[in-house]
Amino acid sequence: MNANHKHKFAAVVLAAGSGTRMKSSFPKVMHRLAGQPMIAHVLTTLNILEPERSVVVIAPSMDMVRDAALETMPDCKLALQDRQQGTGHAVGCAEAALSGYAGTVLVLYGDTPLITESTLSRLLVAMQSADVAVLGMRIADPTGYGRLIVDSSGQLEEIVECKDASPEQKGITLCNSGVMAAKGTHLFSLLKKIQPNNAAGEYYLTDIVEQADAQGLHCHVVEAEAGELAGINSRAQLAEAEKVIQQRLRHKAMTEGATLIDPESVYFSMDTALGRDVVVHPQVVFGPGVTVEDKAEIRSFSHIEGAQVRKGAVIGPFARLRPGSVVGEAAHVGNFVELKKTTLGKGAKANHLSYIGDAEVGEGANIGAGTITCNYDGANKYVTIIGAEAFIGSNTSLVAPVTIGAGAMVGAGSVITDDVEADALAIARPRQVSKPAKAREIKKRKKKA
Ligand code: UD1
Ligand code: MG
């Protein structure tokens, strides 16, 4: 946001509703989109506009929401809504935190996470000539949304909730997004006038419009794309919103110089960071906390979270990078390899069927197929260190804590429990025994029997 265009406003974000239709034991706004709770999406967008004050309204038992809010917006104030008596009541709970604020107050719902800062900015601009402004959207199937009743001059006269709408009003497709702005000087006095005489028995924030209109205040509608104003009241709507966010993230990744061979099949988190000329093959999932540097290649069916992939590394197909993994420059992690809290040095390779956890692997080391770091004894986790240019033979178990020195070799099928010196060869498996003609003898005996 350009400083010259900075709006002066305060924000109230409603997040106290439990969302009964989600059928969930989590607060509604904690449901995640692209790896982040809905409330974090709303606050991240709000942060861009730098409100003078922000209040998040939560219910008393919502520690999760409080933590998520403070993490995204550390200077926000929290207001408690003891009982969920409706959106109007919820905004009223923010009054003390906003006392003395006479500027524009923007109200956002925590369950409307797709909204963009440019749309909010348009609403704030509209407030220069209005006392109340509401973001409206046109939708073909407006079931569940409040309807905006606008007169021929463009004055918004009333918002009628779906539950309370007459059949005729239900035919209106101009809907309330829930996002509105009002002059601080009017907002709380208008709220005091509303009554819970409606189908839900709640104090509706939307009823302040009728009150404002009756007082001759200017109430305007600003229309915006339905795609970014969708409210999430159900799991189906959550999935719809996820689709929208994923489309945005795919587009962003490509705009910034990554190749997505089949964008529709790649799933991102809000914080996924891809460098230039990264190539992502079909069917890849990026969980939270992933950075992929320039020219790295992520092959199909890989699942990556909390990991850094350095320049030119190759991941997959069928690889799993778990939190705390760092794959060094030009290193390779191949099929059915899982890394957890492990650093692979530059050019190191683990190409087939391995679990490497709590490990440090030096530059150029080669980890053979089927190598397992036995990092857990049922109670504690231990570290495995593999030196630069070490070679671990196939099907080796490295029983941690254990160190394999630089340049050392481990014979295939070994169970390594003791440290191996640099440049040494360790073989830890029974010696092979071969008995001439023994097989023929056994077969004969069995046939007779
Ligand atoms: C609301 C609007 C409706 C609009 C729709 C858009 C009202 C009365 N209706 O309906 O006109 O079309 O959003 O999505 O406002 N909340 C609280 N405390 C409460 C109740 C709700 O904090 O007591 C919070 C919820 O967590 C949610 C938001 O307010 O984030 C909206 O509440 P919700 O119950 O989802 O309202 P809708 O029925 O969707
Ligand atoms: Mg809602």
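1. Ligand 1 sits in the largest pocket, and the secondary-structure elements that give two or more residues to the shell around ligand 1 are α3 (87-92) and β10 (174-183). This placement should be read with the caution due to a predicted model.

2. As to the shell itself, 23 residues surround ligand 1, and the closest are Q81, T87, Y109, E161 and N176. By residue class, the shell around ligand 1 divides into 13 polar residues, seven nonpolar ones and three charged ones.

3. Several polar contacts to oxygen atoms of the ligand can be listed individually. An N or O atom in the side chain of T87 is 2.7 Å from an oxygen atom of ligand 1, while from the backbone of A16 an N or O atom lies 2.8 Å from an oxygen atom of ligand 1. A polar backbone atom of G110 is 3.4 Å from an oxygen atom of ligand 1, a value to be set against the cut-off of 3.5 Å that applies to such pairs.

4. Turning to the protein chain as a whole, the secondary structure comes to 34 strands and nine helices. The radius of gyration of the protein chain is 30 Å, whereas a compact globule of 449 residues would have one near 22 Å; along its principal axes, the C-alpha trace of the protein chain spans about 105 × 60 × 40 Å.

Methods. Residues numbered from 1 in each chain as written. Chains lettered and ligands numbered in written order. Predicted model: local features only at pLDDT ≥ 70, side-chain atom pairs only at ≥ 80, totals over all residues. Heavy atoms only, no water. Near = heavy atom within 4 Å. Polar contact = N/O pair within 3.5 Å; in protein donor to acceptor, adjacent residues only side chain to side chain. 1 Å grid on protein atoms, 1.4 Å probe; cavity = no way out; pocket = protein on both sides within 12 Å on 5 of 7 lines; lining within 4 Å. Sits in = over half its atoms within 2 Å of the grid points. Helix = DSSP H or I, 4+ residues; strand = E, 2+ residues; numbered from the N terminus. Nonpolar A, V, L, I, M, F, W, Y, C, P; charged D, E, K, R; others polar. Rg over C-alpha atoms; globule rule 2.2 N^0.38 Å.
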